[in-house]
Every structure is written in structure tokens, then in C-alpha cells.
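This report concerns selected local features of one structure. The sequence and model are displayed below.

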Amino acid sequence: MSPRRAALLAAVVLGGVLVVVLAVVPPWTLLAEPAGGRTPADPSTVLPPEALARAEAFAAALRPASLTSLVLGLAVSAVLGLTPLGARLVRAVARPAGGGPTAQVLLGTAAVVVAGRLATLPVSAYAEVVRHRYGLSTRGWGLWLRDVAVSTAIGAAVTALALLGFLWLVRRAPRTWWAWAAGVAAGLVVVGSFLYPVVVEPAFNRFQPLPAGELRTRLLDLAAENGTPVQDVLVSDASRRTTALNAYVSGFGSTRRVVVYDTTLDRLPEDGVASIVAHELGHVVHRDVLTGTLIGALGAAAAVALSGWLLSWTPLLRRAGATSPGDPAVVPLVLLLLSVGGLLGTPVQNLVSRQVEARADLRALELTGDARAFVEMQRQLSTSNLSDPDPPTAWHWFFGSHPTAAQRIAFAEDWQRLQDAG
């Protein structure tokens with residue numbers, strides 16, 4: 001069997017395994033049907049009319065920017081990845097550094113990433129204006145630019161190093177590189193999941209321990225009752241950037257901690273804070289981060305194996321201005337394939353995410369036993385975060401990573417009905 005066919009076969013097998021995992025692992029059924037049927041997900045029960053209209057107006061103003069940014073990013077990536085222009089850019093930016101293969105990969109990757117970011121920067125600025133207009137963003141333009149620069153630099157550096165290793169493997173093992181690279185890609189997904197809380201999070205926010213008191217004790221007790229004790233409860237200075245409310249649990253083992261936005265502490269009662277943290281603890285007890293990491297690793301391995309088939313196709317390489325899969329000029333093409341693959345995987349990823357989030361909601365209700373606090377928390381989140389309780393069906397199917405607020409409130413009401421009936 002030729003290496004190209006072997007790569008395609010491996011991609012098909014890994015993709016099949018991924019489909020089986022996605023069919024088996026997510027919780028597709030969570031609640032028995034209450035007597036009288038399911039509670040309808042009615043958006044009018046989430047927010048009063050004026051707040052609902054405001055949330056819908058905000059979403060309507062932001063959606064075109066999101067779609068424009070997506071199309072612009074793909075267009076730039078396609079132009080650089082499917083024409084010799086990308087190869088020329090890779091060689092040009094490396095020339096002052098000697099023009100060697102290493103310089104081409106590192107500087108070329110950075111140039112392509114920055115080019116894509118610059119193309120979408122005006123749209124991002126417009127989106128920030130919209131967030132300011134609706135009171136969701138509190139960032140000054142200096143902090144906004146700093147955030148853009150830091151996120152772009154981190155993304156470019158990580159991608160450049162990954163591609164440097166990728167092309168080194170291609171040159172060292174021209175027939176089997178895709179198999180080695182698939183294993184490395186899977187490993188990088190796992191390592192990145194562990195490093196994110198201790199490397200990336202501190203680049204954007206500062207964290208302070210929640211002072212000793214009733215709330216801190218309550219959150220630590222919730223974690224212990226959940227069977228997932230945490231090392232600390234931290235407060236993030238999110239108010240420097242946003243008025244949105246949130247909390248999350250990050251880290252693994254000795255690095256696991258509850259993180260609560262300072263905005264959440266300021267605007268939610270203790271029952272609401274406990275409910276939102278209980279939801280996050282639900283992710284921990286069900287090992288959602290670990291499961292998601294392993295699924296991501298499997299998907300990365302399948303994607304790299306597929307790239308072994310695509311990057312062995314001479315007409316595609318010729319169109320990109322590259323002579324072989326190991327030519328640094330292939331960098332823009334690889335980045336295009338990553339973008340397209342990520343876009344195609346988005347609806348599947350979000351379908352699974354919505355089910356996982358619903359299971360975490362169920363765990364929050366079980367831990368706190370307080371559906372009322374959960375419902376009020378969802379209403380407050382919708383008000384503060386300007387979440388559209390009733391987005392267009394197609395939009396929510398493709399981009400919605402969580403159930404809508406109306407769906408989550410209906411779910412909590414069904415749970416309470418089952419408790420009352422039991």
C-alpha cells in the first residue's frame with residue numbers, strides 16, 4: 001500500500017472511531033419525561049420584554065460582524081494557501097534572517113497568522129464598539145489592543161513551533177511522517193489542555209483568593225460533596241474587560257481551582273454563585289475537560305492523517321507554490337487546512353457541547369437542590385451577558401455551544417416537577 005493510501009485509510013479509521021466515541025460518550029438522554037410532557041422553552045419566560053428586545057438587538061448587531069470576520073479570515077487563508085502568494089510571503093519574511101528553512105517556518109507562520117488577524121481587525125474593532133454600546137465591554141482601547149496583540153502572539157508562537165516540528169518530521173520520515181505527526185498532534189492537545197490554566201490564563205487576568213467567609217466555605221463544601229475537592233477559590237479581575245458574569249473550574253489535580261469573576265460576586269446572590277459554580281463542578285465530576293481533551297486529541301490525529309493524504313497530492317502542492325510536503329512554502333496551505341477543518345467540525349463539536357452543558361446543569365440542580373436559584377441565575381446571566389434566549393435555529397445549531405437560556409430554564413422546571421412527583 002502506498003503511503004498516501006495508508007494515510008487516507010488511517011484517517012478513515014480514526015474518523016470512524018471518533019464517530020463511535022461521539023455517539024457513545026455524550027449524554028443524549030438526561031431526564032425522564034415529566035407527567036404532562038416537557039416544559040416548552042419559551043423565551044418570554046427568561047427576560048422581560050424590554051430586556052429581551054435589548055438582547056435580541058445586541059445579537060443582531062454582532063452576528064454580521066462574526067460572519068464577516070469568519071469569511072474574511074477564510075478568504076485570506078485561502079488566498080495565501082492556494083496561490084503562490086503565500087509561498088512568496090514565507091520566503092520574503094525569512095530573507096532578512098538568512099532565508100533558511102527554520103526561519104521560513106517560524107517567520108512565515110507568524111506572517112500568515114498576523115496577516116489573517118490584520119484582515120479581521122477592523123471587524124473586531126466594530127464588534128468591540130457594539131459591546132461598548134450595549135455596556136458589555138469595559139475595556140479601553142489600549143487594553144483591547146494589548147489583548148489582541150497578546151492573543152495573536154501566543155497563537156502565532158505556538159502554531160509556528162508546532163509547524164516547525166511538523167515539517168521536521170516530514171523531512172526525517174518522508175513516507176510515514178503523517179503517522180508520527182498524528183501522534184504528536186494528539187499529545188500536544190493533551191499537553192495544551194494541562195498548560196492552559198497555568199500559562200495562558202495569567203496572561204489576561206489577575207487572580208486573588210476569595211476571602212475567608214461563608215461563601216468560600218460553601219463553595220469548597222460543594223466541591224467536596226461533588227467528590228472533586230479544589231485547592232483554592234480565586235477571584236478573577238474580569239471587570240477590567242467586561243460586565244459579563246461567569247465562573248469556571250480550571251486545572252487538574254493539584255492545580256484545580258474554582259475561579260469566579262468579580263462581576264459575578266458583585267451582582268449575584270450567594271445562592272446564584274453557588275448554582276453557577278455547581279454547574280462548573282458538574283463538568284469536573286463527569287471529567288468533561290478530560291473527555292473533551294481526549295476527543296480533541298483523536299480528532300487532531302485523524303485530521304493530521306488526512307493531511308498526509310492531501311499534502312501528497314501534487315496538484316494541490318503545485319497550486320500552493322510548494323515542491324513537497326516538507327517545503328516551508330507549504331505553511332500557508334497547512335494553516336488553510338486547519339481553518340477549514342476547524343470550521344467543518346464546529347457544528348459537531350457544539351452539538352456535543354450542548355449535551356455536556358445540559359448534563360452539568362443537571363449536576364448543579366442535584367448538588368444544590370435549588371431549581372429556583374438556578375432559574376434566577378440563568379435570568380441574571382442572560383440579562384448581564386446579553387444572551388439571546390431565542391437565536392435563529394440555524395445559527396444556534398452551528399455556533400451554539402450551550403443550550404439557550406429558555407431551554408435551560410425549561411430543563412430546570414422539568415427537573416423540579418420530577419422531584420415534586422417523586
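## Arg287

Arg287 is exposed, since its relative accessible area of 55% lies over the 50% cut-off for that class. In this predicted model, Arg287 is placed in the loop between helix H9 (270–285) and helix H10 (288–310).

The backbone at Arg287 has a positive phi of about 55 degrees, although Arg287 is not a glycine. Most residues other than glycine have a negative phi.

## Leu386

A positive phi is also found at Leu386, where the value is near 55 degrees in a residue other than glycine. Leu386 belongs to the loop between helix H13 (371–385) and helix H14 (393–399).

Is Leu386 buried or exposed? With a relative accessible area of 7%, Leu386 is buried, because the limit for that class is under 20%.

## Crossing of H3 and H4

Helix H3 (residues 84–94) and helix H4 (residues 101–133) have axes that come within 8 Å and cross at roughly 115 degrees. The crossing of H3 and H4 is right-handed.

On the H3 side, the contact is made by Leu89, Val90, Arg91, Val93 and Ala94. H4 contributes Ala103, Gln104, Leu107, Gly108, Ala111 and Val112. Sorted by class, the residues in the contact of H3 with H4 comprise eight nonpolar, two polar and one charged.

Terms used. Residues are numbered from 1 along each chain as its sequence is written. This is a predicted model: local features need pLDDT of at least 70, side-chain atom pairs count only at pLDDT 80 or more; totals for chains, interfaces and linings use all residues. Side-chain values use heavy atoms; hydrogens and water are left out. Axes are lines fitted to C-alpha atoms, for helices over the stretch in contact, and angles run from 0 to 180 degrees between N-to-C directions. Helices (H or I, at least four residues) and strands (E, at least two) are DSSP runs, numbered from the N terminus. A crossing is left-handed if the near helix is turned anticlockwise from the far one by less than a right angle, and right-handed if clockwise. Contact means heavy atoms within 4.5 Å. Ala, Val, Leu, Ile, Met, Phe, Trp, Tyr, Cys and Pro count as nonpolar, Asp, Glu, Lys and Arg as charged, and the others, Gly among them, as polar. Buried means under 20% relative accessible area, exposed over 50%, partly exposed in between (1.4 Å probe, protein chains only).
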